[in-house]
There are 2 protein chains.
Amino acid sequence: MQKLISVRRAEADARQLHRGPAEYTNESKTTKAWLEGALARLLIRATGNLPMRVQVGAGPIAVGPGTIVATLRIRDVPALIKLLAYPDLNFGEGYLDGSIEVEGNLLGLLEAQARTRLRARGKGTLKRLAAAALQMTRSNTLAGSRKNIHHHYDLGNDFYRLWLDQEMVYTCAYFASTDATLEAAQLAKLDHVCRKLRLRAGERVVDAGCGWGALALRAATHYGAKVRAFSLSREQIAYARERARALGVEHSVEFIEDDYRNISGQVDAFVSIGMLEHVGREHFGDLARVIDRSLSETGRGLIHSIGQNEAVPLNPWIEKRIFPGAYPPTVREMVEIFEPLRCSILDVENLRPHYALTIEHWLDRFEAHRDRIADMYDEPFVRAWRLYLCGSIAAFRAGTLQLFQILFNRAGSNNAAWTRDHLYRNPD
Amino acid sequence: MQKLISVRRAEADARQLHRGPAEYTNESKTTKAWLEGALARLLIRATGNLPMRVQVGAGPIAVGPGTIVATLRIRDVPALIKLLAYPDLNFGEGYLDGSIEVEGNLLGLLEAQARTRLRARGKGTLKRLAAAALQMTRSNTLAGSRKNIHHHYDLGNDFYRLWLDQEMVYTCAYFASTDATLEAAQLAKLDHVCRKLRLRAGERVVDAGCGWGALALRAATHYGAKVRAFSLSREQIAYARERARALGVEHSVEFIEDDYRNISGQVDAFVSIGMLEHVGREHFGDLARVIDRSLSETGRGLIHSIGQNEAVPLNPWIEKRIFPGAYPPTVREMVEIFEPLRCSILDVENLRPHYALTIEHWLDRFEAHRDRIADMYDEPFVRAWRLYLCGSIAAFRAGTLQLFQILFNRAGSNNAAWTRDHLYRNPD
């Protein structure tokens with residue numbers, strides 16, 4: 001939710017509402033109750049008339065329009081004022097500390113909110129400036145990136161193993177059909193990427209931001225590639241090395257705990273799945289230089305990243321609690337990386353609905369293990385993670401976030417596939 | 001060829017070369033002959049050592065490196081000086097007026113030159129400023145566009161009929177395989193576009209820059225769409241209306257002789273094939289406004305345009321003689337159209353090699369009718385057209401030009417295809 005209204009305005013509006021037809025005549029008419037009721041109604045109006053019930057404290061329940069998807073219970077007036085003052089951040093903060101409870105369909109409510117927001121989205125320069133300012137908060141310097149990545153990805157492999165697929169792929173899957181399993185869809189994604197890159201046996205590949213190593217291992221085991229794979233997460237690298245040994249490809253895949261900016265050497269293919277959104281807008285030039293010095297004259301590359309249609313900042317709660325330093329770029333911002341590089345854009349594919357479905361699978365598995373996760377961490381952790389997963393599904397369903405795969409090669413190299421038909425035929 | 005060297009410098013270099021080891025000792029040592037020989041060698045060097053022979057007047061023949069693809073015969077020293085001073089424009093001008101003759105493989109020479117240029121391409125701001133200045137020369141105001149389009153497209157349907165396919169499609173074809181006929185490939189392109197747009201019977205389509213109407217007619221006859229199709233070319237509109245009557249779809253397709261800026265009404269699909277490169281960079285905002293006011297909330301759109309990897313001006317000879325006001329945008333410049341529009345980029349496909357092959361077919365047919373075309377127009381027209389076709393093949397082969405199809409829909413609309421698989425299955 002955007003910053004909808006100032007605190008001063010909220011209180012003035014609450015008084016104004018009270019002067020209108022009294023709705024809760026059968027309720028106690030204490031000052032507290034009328035303020036709670038009026039503020040509850042104000043919240044519904046200020047959020048663009050979401051289909052929800054709102055109750056503040058023990059006050060009267062205000063009801064939004066249409067088919068109600070959830071009831072928001074807000075502990076008290078201060079919690080509501082906080083929410084109205086900076087909803088983008090404080091809905092999450094309130095949900096985390098329990099001062100905001102959601103009964104009913106949290107996901108449905110978030111999706112309705114994302115759709116409302118999309119319709120109302122402004123185009124002002126102020127918002128862009130605010131975006132720029134917010135992006136400065138967690139700088140992705142070499143040290144900053146290490147800290148930011150550690151924050152999220154070193155929560156423990158045991159945690160991720162509970163709700164990711166068996167390959168431990170923590171990025172958008174590719175569902176050949178909507179009823180594919182998550183396991184099949186993640187393997188299909190790895191193959192979709194390798195086939196777009198037309199990887200051949202013996203080719204040198206660098207994987208920037210390799211996670212737990214699934215793509216690097218697939219490229220080595222199924223395409224015969226020689227891979228160097230980079231991640232800043234110690235736990236991911238340890239896990240990936242262990243898997244390489246278990247699969248007997250430890251001589252074909254080197255897992256390196258280092259920053260993408262330290263990548264060196266020539267490669268035939270440069271691939272990066274789910275890293276660009278953590279790079280930060282101000283460091284896209286760093287990535288461009290790495291690609292330019294790495295890619296051979298016949299080289300191809302693929303960048304897979306969360307993106308968006310307009311250059312607006314990431315939700316500040318997600319940036320604060322989940323992905324410090326993250327920013328989802330627009331296609332324009334992504335292709336700006338390649339324009340100075342003597343590279344051609346070959347193919348851009350938007351997989352937005354696939355990411356909504358991927359996270360639905362994750363959420364199901366997460367909820368199935370919620371008690372165990374509460375034991376491993378604590379209750380606010382469970383609530384934060386649920387809100388993050390539901391909010392992400394909502395964003396990919398509503399279209400406030402997108403998922404782009406961009407394939408490129410060196411300009412003038414005529415080694416691109418003649419058509420994309422080969423991606424849609426069986427490998428054999 | 002870029003502006004490689006100043007005239008003053010060229011003459012100084014020619015004197016300098018003469019002081020070096022004499023290569024043509026068996027030639028007459030008149031002042032004229034040594035200047036001609038030295039300038040011929042200078043031209044080879046200045047063009048980045050192209051694999052060609054060069055003869056100026058009756059002077060000695062200078063020979064470039066590698067496997068020679070062509071011999072350039074330049075009438076006299078003034079013609080060569082003109083070429084060195086502004087090769088981008090004056091190679092074409094000289095070829096047109098016969099002061100430059102090419103024996104051997106003109107296409108091979110142009111391709112070698114395009115590749116050399118790509119490697120040497122600078123990144124300076126001066127070049128971008130020059131690009132901006134050049135783009136001002138033929139403004140695409142409403143009146144300017146009419147004049148610019150008339151210049152090229154009203155040469156006479158009889159002329160285009162000689163070398164286009166039977167559908168009269170004057171844009172990049174889609175060859176399912178490289179041995180497909182041009183006729184099959186143009187129909188495949190029309191279907192590729194209609195299927196990307198997922199056109200359904202009864203849907204309203206606007207076709208901006210409809211040419212001789214092939215796409216509009218295909219959308220009506222094979223997809224049941226209701227099409228309004230716009231072109232500024234009187235001859236194209238007359239031809240397209242006649243075909244609509246012949247096909248019995250005159251009530252489904254309306255051909256309108258008007259500017260895209262005058263498009264009004266709501267549509268389910270907005271399509272524009274081969275128009276954007278004529279719109280001119282400074283008018284992209286006009287196109288954006290037209291799309292925004294036309295496209296319904298569930299609308300889709302496709303823009304098909306010649307493009308390039310870097311924002312540099314179109315070859316000035318092509319701009320002067322063939323496509324006044326034209327500019328091939330980068331992907332960045334194309335997607336900038338959509339960023340303010342609440343639209344999502346769904347798919348970008350680069351069909352560069354398909355355009356090289358398309359124009360090879362056109363060139364073959366053109367050369368088969370060269371005598372008839374010389375009778376219809378004159379010899380310089382034949383030469384200009386040949387140079388334009390060969391230069392375009394060279395540019396698409398070398399990668400100095402690209403061909404992009406960009407598919408988009410309204411943000412938040414969930415009516416995009418689940419995968420792109422449907423484009424690669426047989427329609428039934």
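This is a predicted model: local features need pLDDT of at least 70, side-chain atom pairs count only at pLDDT 80 or more; totals for chains, interfaces and linings use all residues.

Colleague: Where are the bounds of domain 1 and domain 2 in chain A?

Modeller: Domain 1 of chain A covers 7-104. Domain 2 of chain A covers 142-424.

Colleague: And how many residues does each domain of chain A put into the contact?

Modeller: Eight come from domain 1 of chain A, and nine from domain 2 of chain A. On the domain 1 side, the residues divide into four nonpolar, one polar and three charged.

Colleague: Switching to the chains. How many residues of chain A and chain B are in contact?

Modeller: 34 residues of chain B touch 34 residues of chain A.

Colleague: Which elements of chain B supply at least two residues each to that side?

Modeller: α5 (106-120), α15 (331-335) and β10 (343-350) of chain B. The largest share comes from β10(B), with eight residues.

Colleague: What's the make-up of the chain B side, in nonpolar, polar and charged residues?

Modeller: The side of chain B that touches chain A has 14 nonpolar, ten polar and ten charged residues.

Colleague: Back to β10(B). How does it run against strand β10 of chain A, parallel or antiparallel?

Modeller: Antiparallel, with three bridges joining β10(B) to β10 (residues 343-350) of chain A. As for residues, A:Asp347 stands opposite B:Glu349 in β10(B).

Colleague: New topic. What's the strand order in the open sheet of four strands in chain B?

Modeller: The order is β2-β1-β3-β4 (chain B), and the pairing is mixed.

Colleague: Why do β2 and β4 of chain B each have one side without a neighbour in the sheet?

Modeller: β2 (61-63) and β4 (100-104) of chain B stand at the edges. Each has a single partner strand, so one side of each is left without a neighbour.

Colleague: How many degrees are neighbouring strands turned against each other?

Modeller: 20 degrees on average in this sheet, direction ignored.

Colleague: Which helix packs on the sheet?

Modeller: α5(B) does, touching β1, β3 (70-74) and β4 of chain B. The direction of α5(B) makes about 90 degrees with that of β3(B). α5 of chain B also supplies at least two residues of the side that touches chain A.

Colleague: Last one. What joins β1 of chain B to β2(B)?

Modeller: Three bridges link β1 (residues 52-56) of chain B to β2(B), and the two strands run antiparallel. B:Val54 stands opposite B:Ala62 in β2(B).

Methods
Residues are numbered from 1 along each chain as its sequence is written. Chains are lettered from A and ligands numbered from 1 in the order in which they are written. Domain bounds come from an automatic or database domain assignment. Two residues are in contact if their C-beta atoms, placed from the backbone, lie within 7 Å. Ala, Val, Leu, Ile, Met, Phe, Trp, Tyr, Cys and Pro count as nonpolar, Asp, Glu, Lys and Arg as charged, and the others, Gly among them, as polar. Two strands pair if DSSP finds at least two bridges between them. Axes are lines fitted to C-alpha atoms, for helices over the stretch in contact, and angles run from 0 to 180 degrees between N-to-C directions.
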